[in-house]
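Dear colleague,

Please read the notes alongside the coordinates.

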Amino acid sequence: MNSEENPQGEEHPKGEEPESVTPPAADTGSGNAEPEQTRPDQPEPEQPRTEQPRPEQPRPEQPRPEQPHSEQPEAEEPEPAQQTGRQRLVAVLWPPRVSRAQLIVALLLFVLGLGLAIQVRSNSDNSALRGARQEDLVRILDELDNRTQRLEDEKQRLEDQRTELENSSDQAEEARKQTVQKEQQLGILAGTVAAQGPGITLTVQDPSGTVESDMLLDAIQELRAAGAEAIQVNDIRVVADTYFTGTGADIEVDGKPVKAPYRFKVIGKPQDLEPALNIPGGVVQTLEKEQATATVARSQKIVVDALRPAKRPDYARSSAQ
């Protein structure tokens, strides 16, 4: 026969084969079950569709750092900025490369600089004034003012003498007169001429013998700084080269012994001489600390009559001769 009949008696055209139907899953309960053939008039069972995976939609990619593509030409590197002189110096000096010789030289330079700084400071620093109290500074300032005033008076006097010499009809007589006055002034300073005038009297009592020679010398220096023009200690005239030696009860002035009480006769301005001795920490307080007593009395007439022999210089001669 040209056509084959299926079990149901349907014919299929020649050359066409019946569509194969996927047999159902075998029954696990029976091992002899045969697969059933589907009839052509029955609809084919739908095969389960296998869902194909959906293409994932591209997520927004995060920006990645751009990497230079091998095919693109490399960007030209910027040329390093030219360094300044200071930067080059820092680069040379840091980090330091110190050798032993350089360390020794640096140490020697440091010691030399430190010595120079100390020397300059010691020369410029006045330690006496730096540590002085306010009262001492006031006294020193007053003494400087008084000294300035005395110098101004001396300048005015010399100018008056010059004017008298220029205006005098007898200039020779006027010159002789001024020479005599100058001789008397120099004689008072040299101790060869007696002097009198206003001043003070300083009396130092030393019952315990604790007064030293340097304390008496300090009194002389204070009086001279205050403007004393003539000074006499007991019966000895004090001049420019007077010196004090000894201790306690064996004090000597210019090699001559002096005993307590020590009496100073001073010619000068009393308003300047007395405060110079009574300042805090001055001569009077220093003597009182040594169990001595010092009293100062003003007077309008002080007589300094102790004289010193005039000495002729061995080498010095007047330039006027």
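**The nonpolar cores**

In this predicted model, the largest nonpolar core has 30 residues, and those touching the most other members are Val204, Val211, Leu223, Tyr262, Phe264, Val266 and Leu287. A nonpolar core here is a set of buried Ala, Val, Leu, Ile, Met, Phe, Trp, Tyr and Cys residues joined through side-chain atoms within 4.5 Å, where buried means under 20% relative accessible area, exposed means over 50%, and partly exposed lies in between (1.4 Å probe, protein chains only). At least two residues of this core are supplied by each of strand 1 (195-205), helix 6 (213-225), strand 2 (230-233), strand 3 (236-238), strand 5 (251-253), strand 7 (262-267), helix 7 (270-278) and helix 8 (283-289); helices (H or I, at least four residues) and strands (E, at least two) are DSSP runs, numbered from the N terminus. Helix 6 gives the largest share, 5 residues. Apart from this core lies another, of 5 residues, including Ala230, Ile267, Ile302 and Val304.

With neighbours within four places in sequence left aside, Tyr262 is in contact (heavy atoms within 4.5 Å) with Leu202, Thr203, Val204, Asp206, Val211, Leu216, Asn234, Gly248 and Ile251.

As to conventions, residues are numbered from 1 along each chain as its sequence is written. Because the model is predicted, local features need pLDDT of at least 70 and side-chain atom pairs count only at pLDDT 80 or more, whereas totals for chains, interfaces and linings use all residues, and side-chain values use heavy atoms, with hydrogens and water left out.

**A buried glutamine**

Gln232, found in strand 2, counts as buried because its relative accessibility is 3%. A polar atom of its side chain lies 3.2 Å from the backbone nitrogen of Asp305. Again leaving aside neighbours within four places in sequence, the contacts of Gln232 are Arg263, Phe264, Lys265, Val304, Asp305 and Ala306.

**Backbone geometry worth checking**

The peptide bond from Ala260 to Pro261 is cis, with omega near 0 degrees, and Pro261 is found in the loop between strand 6 (256-258) and strand 7. Asn234, in the loop between strand 2 and strand 3, has a positive phi of about 55 degrees although it is not a glycine, and this residue counts as partly exposed because its relative accessibility is 24%. Asp254, whose place is in the loop between strand 5 and strand 6, also has a positive phi, near 55 degrees, but Asp254 is buried, with a relative accessible area of 15%.

**A nonpolar surface patch**

Leu89, Val90, Val92, Leu93 and Trp94 form a nonpolar patch on the surface, with about 570 Å² of accessible area together. Trp94 is placed in the loop between helix 1 (85-93) and helix 2 (100-124), and Trp94 counts as exposed because its relative accessibility is 63%.

**The chain as a whole**

The protein has 8 helices and 8 strands, and of its 321 residues 21% are buried.

With regards

Note on methods. Patch = residues over 30% accessible without salt bridge, like charges linked within 9 Å, V, L, I, M, F, W, Y side chains within 5 Å. Areas by Shrake-Rupley, 256 points an atom, 1.4 Å probe, with all protein chains shown as cover. Salt bridge = Lys/Arg side-chain N within 4 Å of Asp/Glu carboxyl O. Polar contact = N/O pair within 3.5 Å; in protein donor to acceptor, adjacent residues only side chain to side chain.
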